[in-house]
Amino acid sequence: MQKAVLLSVTQYIVKPYTRANVVEKIHLVHANVAGTRSIEESSVVCARLGVDSETYRTLMESLLQDATEWTELLLGTRSLAGQQTLLVRLNGLKGSALSLGARTMAAQLRTAEETLEKIEAKDQEKFGPPDNLVAAIKHEIEVLQKYLQGSTHA
């Protein structure tokens with residue numbers, strides 16, 4: 001725990017733990033992240049990941065490409081089997097967004113995950129993503145693209 005404090009860890013889980021403990025901690029961390037800047041400074045991300053700015057840019061561009069492709073898949077998926085594929089890819093996207101400091105993008109992807117998980121098998125025939133969910137993710141992609149364009153000119 002002392003090492004965690006030195007690393008600025010604000011939440012941790014000790015054993016034995018329950019599902020409720022884990023979910024509570026996740027919500028606490030999410031609330032903390034949501035209250036900060038929507039995009040972490042690239043220099044901070046580079047230092048944390050141990051990469052240079054060009055590698056950061058490449059990783060961020062890859063995230064944006066993957067998020068765009070995922071959103072298109074979301075729009076075209078009409079089955080529960082497709083939904084499961086979306087959830088698997090979504091998990092990776094969410095992790096990448098968090099690692100790269102795209103906090104609001106990660107939050108939107110978490111909302112997408114929660115929404116997709118709520119769809120039950122009986123809804124398989126009428127599966128389709130809510131318009132506001134798609135719009136929110138597309139908006140975050142645009143915000144991150146503008147951020148990358150701005151950092152090029154800086």
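Is Glu61 buried, exposed or partly exposed, and what is its relative accessibility? Glu61 counts as partly exposed because its relative accessibility is 40%; here buried means under 20% relative accessible area, exposed over 50%, and partly exposed in between, with a 1.4 Å probe and protein chains only. The views below come from a predicted model, in which local features need pLDDT of at least 70, side-chain atom pairs count only at pLDDT 80 or more, and totals for chains, interfaces and linings use all residues. Residues are numbered from 1 along each chain as its sequence is written, and side-chain values use heavy atoms, leaving out hydrogens and water.

View A. Helices are DSSP runs of H or I with at least four residues, numbered from the N terminus. Glu61 forms a salt bridge with Arg57, and their closest N and O atoms are 3.8 Å apart; the term stands for a side-chain nitrogen of Lys or Arg within 4 Å of a carboxyl oxygen of Asp or Glu. The two residues are separated by about one helical turn, because they are 4 residues apart in helix 4. Arg57 is buried, with a relative accessible area of 16%.

View B. Look around Tyr56 and, leaving aside neighbours within four places in sequence, you will find Ser42, Val45, Cys46, Val51, Leu100, Tyr147 and Leu148 in contact with Tyr56, meaning heavy atoms within 4.5 Å.

**View C. Lys94 meets Glu113.** These two side chains form a salt bridge, with the closest N and O atoms 2.4 Å apart. The pair links distant parts of the chain, since Lys94 sits in helix 5 and Glu113 in helix 6, 19 residues apart. Both Lys94 and Glu113 are buried. Beyond neighbours within four places in sequence, Glu113 is in contact with Leu87, Leu90, Asn91 and Lys94.

**View D. A network around Glu40.** Salt bridges link Glu40, Arg48 and Arg103 in a network. The side chains of Arg48 and Glu40 meet at 2.7 Å, N to O. Glu40 is buried, with a relative accessible area of 13%, whereas Arg48 counts as partly exposed at 43% relative accessibility.
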